[in-house]
Amino acid sequence: MISEQYNPKIIEPEVQQRWEEIQAFKVTEDRSKEKFYCLSMFPYPSGRFHMGHVRNYTIGDVISRYQRMQGKNVLQPMGWDAFGLPAENAAIQNNVPPAKWTRENISYMRNQLKQLGFGYDWDREIATCNADYYRWEQWLFIQLYKKGLVYKKTAPVNWDPVDQTVLANEQVIDGKGWRSGAVVEKREIAQWFLKITAYADELLTDLDQLADWPEPVKIMQRNWIGRSEGVEIHFTLGEQNLTVFTTRPDTLMGVTYMAIAPEHPVAKQAALDNPTLAQFIEMCSHVGTAEATVETMEKLGVDTGLVAKHPITGDSIPIWVANFVLMSYGSGAVMSVPAHDQRDFEFAQKYGLPIKQVIIPIEAEKSVELSAAYTEKGILINSGEFDCLTSEKAFVAIAEHLELNQQGQRRTHFRLRDWGISRQRYWGCPIPMIDCSDCGTVPVLESDLPVVLPEDVVMEGSGSPIKKDPHFYNVTCPQCGKAVKRETDTFDTFMESSWYYARYACPDANHGMLDQRVDYWLPVDQYIGGIEHAILHLLYARFFHRLMRDEGLVQKNEPFIRLLTQGMVLKDGAKMSKSKGNTVDPQALIQQYGADTVRLFIMFAAPPEQALEWSDTAVEGAYRFLKRLWKQVYTHAQTAVPVLTIASLSESEKALRRQVHETIVKVSDDIGRRYTFNTAIAAVMELLNAFNKATDTPQTRAVMQEGLEAVVLMLSPIVPHITQILWEALGHQGLTLEAGWAKLDQTALIRDEIEITVQVNGKLRARIAISVNADKQTIENIVLNDPQVQKFIEGKPIKKVVIVPQKLVNVVV
């Protein structure tokens with residue numbers, strides 16, 4: 001017998017201990033069952049969870065528990081995305097090594113997750129800072145290097161002067177570092193790259209196969225990959241070609257200048273005897289390489305004094321160095337057509353360059369003076385032999401002309417660039433390469449893996465401490481035996497998070513990166529995380545999955561079947577953040593109300609993909625509901641419950657039982673298919689209200705026993721602690737998890753009567769209960785003789801009666 005008062009401080013630790021003792025969430029491969037792999041994006045161990053984390057992991061836990069109650073073999077693991085710069089910053093502030101800080105945080109946060117009642121298989125826990133994890137990342141990198149999918153080159157990069165590291169373009173937000181907020185600079189540094197562009201076409205095409213991904217995520221990835229059809233065109237500069245790529249070869253005859261990147265070899269050569277140009281190039285070096293930065297800054301340029309030869313007209317085209325051209329995108333040179341590109345138009349106006357219109361609208365007869373660039377397609381003018389062609393026909397004609405004269409060729413280009421994975425920081429996975437002056441760049445021997453990151457270090461705030469560690473830094477070349485230096489850059493931490501989902505399937509595999517268990521568990525059936533990861537993490541994970549597939553490690557093409565991107569948690573209309581002072585500590589809420597209240601509020605406040613507005617009163621409301629539920633079961637359990645005799649139920653008892661099973665239908669669909677957890681909870685609340693209003697009879701108590709059992713099972717994924725205790729109070733043993741989902745009785749849904757809506761001339765006038773078996777004539781007779789309807793038809797000729805079976809009757813008078 002349960003106590004009269006609901007006390008989560010007592011029951012929640014008791015239930016959690018029971019789960020732990022029997023290893024309730026430990027799972028192994030069972031081919032006799034349908035598997036379900038549910039995964040929420042793993043957290044960075046910053047020290048404490050915020051409410052955004054709690055929402056993410058509550059959604060995943062509810063889905064996991066529901067699927068387990070459907071009889072599936074459910075894997076729900078958890079781990080830690082443990083490398084990264086915040087640990088270095090904390091180490092400097094607290095005078096503690098990053099490894100110690102990180103592992104202490106993991107210990108605290110693991111306990112937080114357990115207090116929230118999340119059903120993880122902790123035997124599969126991963127921390128990416130552990131060498132038994134990252135050794136396989138190093139191993140894969142070496143395999144990719146052997147295949148030619150890894151290379152090193154000097155490239156202009158985004159340099160964060162505060163964090164002292166290179167940032168990927170995606171990590172530059174509005175010209176600033178995504179972590180430090182510092183204004184990003186442009187620098188030339190030797191970097192390691194992964195050839196993600198080798199998979200660009202497949203990554204783009206296969207998005208069409210992801211039917212259960214949100215369309216906004218797929219659109220963002222399509223735009224980021226950016227496939228475009230165009231023409232590579234060779235302008236002549238002395239003995240060399242200056243090659244550009246354009247998707248609008250129809251505008252070629254309107255080129256009036258060319259623009260090249262400040263880092264372009266032609267620009268550097270021209271600057272040797274041009275101080276103004278040299279000064280401009282120096283100024284440009286302090287601007288980030290991200291396109292977002294380039295798009296928003298003022299467009300500036302300097303004339304090199306050089307001219308290129310137009311491939312068709314032979315005209316001399318002046319070459320300018322411009323700050324909006326990126327060396328890392330395409331060839332670092334663009335042809336500029338001011339009349340038909342707004343950026344080129346504004347630049348030409350600023351510097352007094354010619355503007356030549358070569359496209360007019362199809363309906364126009366001649367060119368007009370332009371106040372802005374005409375960027376649409378149309379008909380060619382001022383284009384010699386190509387005059388009067390449409391843009392589409394001119395594309396083909398000009399491309400063929402260039403190809404015939406070996407001055408260009410049609411090409412498919414992608415906006416996507418290779419992934420720069422080098423980071424000039426300490427707390428990351430060491431890159432397993434060695435620089436030898438005789439042998440060149442040499443991979444570490446596989447037998448010497450892992451290259452273990454020294455953890456007992458002193459962080460001084462600048463540069464990496466491993467560069468000062470002779471035991472790590474000084475090694476011998478594996479090919480010639482010469483004393484050499486080890487690579488001291490570490491991997492971008494997105495490397496670790498790009499394959500962790502696969503390692504969960506076999507975290508103890510010590511003879512390979514993965515083993516055959518991945519064939520059972522992968523792909524992930526349900527992946528959950530924020531939409532802010534649409535490009536960074538999700539694209540990299542799709543890429544990594546293909547790398548592992550082509551290495552023979554996994555079978556399928558995609559890592560995640562279904563994706564749910566949960567909305568942010570807001571307070572006072574803004575995203576929760578320490579800087580805004582509007583955060584809510586999950587730990588304090590658990591101590592005040594219990595984990596079930598926190599979980600219930602989060603699932604009831606909003607659909608998962610929408611933003612959730614924090615409300616203290618709504619949290620109180622969730623707590624009050626659980627107290628009412630407890631009291632309802634407690635009161636019900638005080639009296640004996642007779643056997644349910646369906647044949648002897650009264651109409652009101654039948655109606656109550658029907659509501660029970662209608663609720664099972666709705667909640668099953670809301671949780672299992674639609675993921676509208678809030679409406680599922682609302683339906684259960686309505687059912688409990690109906691119980692409170694029901695007349696107390698022996699068979700009503702029998703229906704309520706069936707109904708409360710269903711309520712407890714349906715709420716079990718959402719509030720697992722209280723429902724476990726209430727399940728036992730209702731006379732059951734064992735876990736609700738093992739009891740299965742609430743059983744539906746289809747016969748209970750059958751109605752003897754239905755309520756139909758009655759309209760007179762299209763206006764609602766009555767609602768009438770009618771037998772489900774009544775024919776149209778009977779329905780018409782009942783409606784026309786109903787006193788409420790007669791008020792509106794009395795003395796008026798009836799033109800017709802329209803009957804929509806089991807729904808509506810409209811009397812037209």
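Predicted model: local features only at pLDDT ≥ 70, side-chain atom pairs only at ≥ 80, totals over all residues.

Modeller: The protein has 813 residues, of which 55% count as buried, and it holds 26 helices and 34 strands.

Biologist: What makes Cys-284 buried or exposed?

Modeller: Its relative accessible area is 3%. Buried means under 20%, so Cys-284 is buried.

Biologist: Why is Cys-439 called partly exposed?

Modeller: Cys-439 has a relative accessible area of 29%. The partly exposed class lies between the buried limit of 20% and the exposed limit of 50%, therefore Cys-439 belongs there.

Biologist: How do you know that Cys-439 is in no disulfide?

Modeller: The nearest cysteine sulfur belongs to Cys-480 and is 3.7 Å away. The structure as a whole holds zero disulfides.

Biologist: Why are helix 3 and helix 4 called roughly perpendicular?

Modeller: Helix 3 (residues 85–94) and helix 4 (residues 98–115) pack at an angle of about 105°. Angles of 65 to 115 degrees count as roughly perpendicular, so the label applies to helix 3 and helix 4. Their axes are 8 Å apart.

Biologist: Which residues make that contact between helix 3 and helix 4?

Modeller: From helix 3 come Pro-86, Ala-87, Glu-88, Ala-90, Ala-91 and Asn-94, and they meet Pro-98, Trp-101 and Thr-102 of helix 4. By class, the contact divides into six nonpolar residues, two polar and one charged.

Biologist: What makes a set of residues a nonpolar core?

Modeller: The members are buried residues of the nonpolar types listed for a core, joined through side-chain atoms within 4.5 Å. The largest core has 188 residues, and those touching the most other members are Met-51, Trp-419, Tyr-501, Leu-514 and Met-548. Helix 21 (residues 677–693) gives the most to this core, with ten residues. A second, separate core has 36 residues, including Val-266, Phe-280, Ile-319 and Ala-333.

Biologist: Which residues does Trp-419 contact, leaving aside its neighbours within four places in sequence?

Modeller: Among them are Trp-192, Phe-193, Leu-194 and Ile-196, as well as Phe-494, Met-495, Tyr-540, Phe-543 and Phe-544. Asp-492 and Ser-498 are also in contact with Trp-419.

Biologist: How much of the contact in the protein links residues 24 or more positions apart?

Modeller: Such pairs account for 71% of the contacts with a separation of 6 or more.

Terms used. Residues numbered from 1 in each chain as written. Heavy atoms only, no water. Buried < 20%, exposed > 50% of the residue type's maximum accessible area, 1.4 Å probe, protein only. Helix = DSSP H or I, 4+ residues; strand = E, 2+ residues; numbered from the N terminus. Contact = heavy atoms within 4.5 Å. Disulfide = S-S within 2.5 Å. Axes fitted to C-alpha atoms, helices over the stretch in contact; angles between N-to-C directions. Parallel < 35°, antiparallel > 145°, perpendicular 65-115°, else oblique. Nonpolar A, V, L, I, M, F, W, Y, C, P; charged D, E, K, R; others polar.
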